[in-house]
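Below is a brief report on one protein model. It covers salt bridges, sheets and nonpolar cores.

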Amino acid sequence: MTPGRRPPLLLELDLTSAPVEVEPDDLLAKLRARQRPRLRAVLRALHEAGNDKRVRGLVVKVGGGHLSWAAMQELRAGLVAFGRTGKPVVAWAETFGEGGNGSIDYVLASGCSQIWLQPTGELGLVGAAAETTFLRGALDKLGVEPQLDKRHEFKNAADRIMRTDFTPEHREAIDRVVETTWDVAVRDVPAGRSLEEQTVRGVADRAPLSAAEAVEAGLVDRLGYRDEVYADLRASAGEDAQLLFADHWTPPRHAADLVRRRRGVVALVEGNGEIVLGRGRTGPRGPQLGSNRACAALRAAREDDRVKAVLFRVDSPGGSAVASDAIWREVLLTRQAGKPVVVSMATVAGSGGYYIACPADVIVAQPTTVTGSIGVFGGKIVVTGLLDRLGLNSGAVERGANARMFSVRRGFTDGERERLAAMLDRIYADFVQKVADGRGMSYDAVHEVARGRIWSGADAATNGLVDVLGGLRDAAAIARERGKLPSDAPVRPALHVPPLARLKRPTSSDDPRAAASVSAWGDLAGLAAAIGLPSAGPLRMPDVRLA
């Protein structure tokens, strides 16, 4: 290497686990996530590092089965963008689904210019599927009776508890989501591998394939181990090329960056996890989207003169109707204040997750995002039979006709069922009207695509629930345009409280510290509560895990 010359770079990226999108507050969660790349840094590198003269190429390790379809699409678009610069993008995998479904990982790899597979690996491009576990049979054996009601026939979160099999509506909705998801795969793989769609469908129907069969089918380029992959890349990039994790890459800094920041920014508001009242917490089951935190972030963005637009990233199955309504109000006020709000939907944004998104100026989703679920369910689980079997007797003293309406130790009376039905009718009508107002649709038009039904992002874009198909960077570009900002205007968190500042007592409810964690180390006291089943708020969608 010539003295004084900076060595070329070979970027590497490990996508065998999902990149971290939201920094956890909980200490244990921080420790678990410390080795994983950060999503925004990864996307920046994929979309921008290809233009860096020092960067000679990118090698990506794939496999592991930990990505959702929507997350895969976000990352695949970045790989394709890097490849457009003409620099090599090499994917390598030890296997694509050893004894499992490797479809998501392979579709991701198909966005690269070359694919390597370990000689003993498999290609599990077997298709897309969704499985649902129904609890009613087990509950009956335990003496537990679900007394639930829903609005309407497609609100299938309740069916998992109330029934032992799919209803026709439940099956119809899930089948359509799986169909559109697989359509994405058999569209993207042929585009990346220069194959016919029918060829890919045929290969999938006889998968899993051995490594040699995958090469013969044209789905893998070369067989080899990690050392061979890296040796081949170094031969083209130069022996002096230095390895650098892609998320550690930073663009060259210029004096103009400070000027751009002074012109204005896009505020990023995170909306990840089950929607709950209060701050929310991060636990073993994942993050919670606390209404206090989300509302404080939206207020901070609205009141900051430097913020010209808001990018609201939503990845939530819903939860509390009241918490969802509080966040909805802040989104609406931000838009009414003249600051455009652009929603970027991630893997899931359904029920309450759609509720908080519907007043935005623009909604962006991936084709495989699971969204919609505009509906509501409620009720209780009566455990009287279980208590009897255990020899546990209950006594009660009450004042007020409905004091024990939601007690799990007795069933609903006829009058209480009427009150529950009225409550669900009211929440549903309000939900549909809010969507109609936000989307510029009639009540009846929204009701037709609502009724509790989930939709893929692709279908939601055709029925009026989504505006644009794309990812986080597409949404950021729209936010900059709506905010009349330059195309490279920075995106920064709307609500940032340094760890040490969180130790100080907030001065008011508007103080950002009021929405931050109790301490710099996170709320460890909530760990035990998080171990139990997550609460199923009335605006929660069914658990859909697509493989």
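## Salt bridges within helices

Glu197 and Arg201 form a salt bridge, with the closest N and O atoms 3.2 Å apart. The model is predicted. The two residues sit 4 residues apart in helix H8 (residues 197–205), so about one helical turn separates them. Glu197 is partly exposed, at 37% relative accessibility. Arg201 is also partly exposed, with a relative accessible area of 25%.

Helix H7 (residues 168–193) holds another such pair. Arg176 and Glu179 lie 3 residues apart in H7, about one helical turn. They form a salt bridge, and the closest N and O atoms are 3.0 Å apart. Arg176 is partly exposed, with a relative accessible area of 28%. For Glu179, also partly exposed, the value is 39%. An α-helix has 3.6 residues a turn, so residues three or four places apart point the same way.

Arg492 forms a salt bridge with Asp304, the closest N and O atoms being 2.6 Å apart. This pair links distant parts of the chain, 188 residues apart. Arg492 is in strand S22 (residues 491–493), and Asp304 is in the loop between helix H12 (291–303) and S14. Are these two residues buried or exposed? Both Arg492 and Asp304 are buried.

Salt bridges that share partners also join Glu21, Glu74 and Arg313 into one network. The structure holds 29 salt bridges.

## The six-strand sheet

An open sheet of 6 strands runs in the order S8-S4-S3-S2-S1-S9, with parallel pairing. Strand S8 (222–223) and strand S9 (242–245) stand at the edges. Each has a single partner strand, so one side of each is left without a neighbour in the sheet.

Within this order, strand S3 (residues 89–93) and strand S4 (residues 114–117) run parallel and are joined by 4 bridges. Ala93 stands opposite Leu117 in S4.

How many of the 10 residues of strand S16 (residues 341–350) are buried? The count is 9, so S16 is mostly covered.

S16 has several parallel pairings. S14 is joined to S16 by 6 bridges, and Phe312 has Val343 in S16 as its bridge partner. Strand S17 (residues 362–365) is joined to S16 by 3 bridges. Here Val343 stands opposite Ile363. Strand S18 (residues 370–372) also pairs with S16 in the parallel sense, over 3 bridges, and Gly350 stands opposite Gly372.

## Helix H2 and its cover

In helix H2 (residues 39–48), the buried residues are Leu39, Ala41, Val42, Leu43, Ala45 and Leu46. Their cover includes strands S1 (9–14), S2 (55–62) and S14 (307–316). It also includes helices H3 (69–83) and H19 (472–482).

## Nonpolar cores

In soluble globular proteins, nonpolar side chains tend to be buried together. The largest nonpolar core here has 74 residues. Leu58 and Phe96 have the most contacts inside it. H7 gives the largest share of this core, 8 residues.

Which residues does Leu58 contact, leaving aside neighbours within four places in sequence? They are Leu10, Leu11, Glu12, Leu13, Leu46, Leu79, Phe82, Pro88, Val89, Val90 and Ala246.

Notes:
Residues numbered from 1 in each chain as written. Predicted model: local features only at pLDDT ≥ 70, side-chain atom pairs only at ≥ 80, totals over all residues. Heavy atoms only, no water. Buried < 20%, exposed > 50% of the residue type's maximum accessible area, 1.4 Å probe, protein only. Contact = heavy atoms within 4.5 Å. Pairing = 2+ DSSP bridges. Salt bridge = Lys/Arg side-chain N within 4 Å of Asp/Glu carboxyl O. Core = buried A, V, L, I, M, F, W, Y, C linked by side-chain atoms within 4.5 Å.
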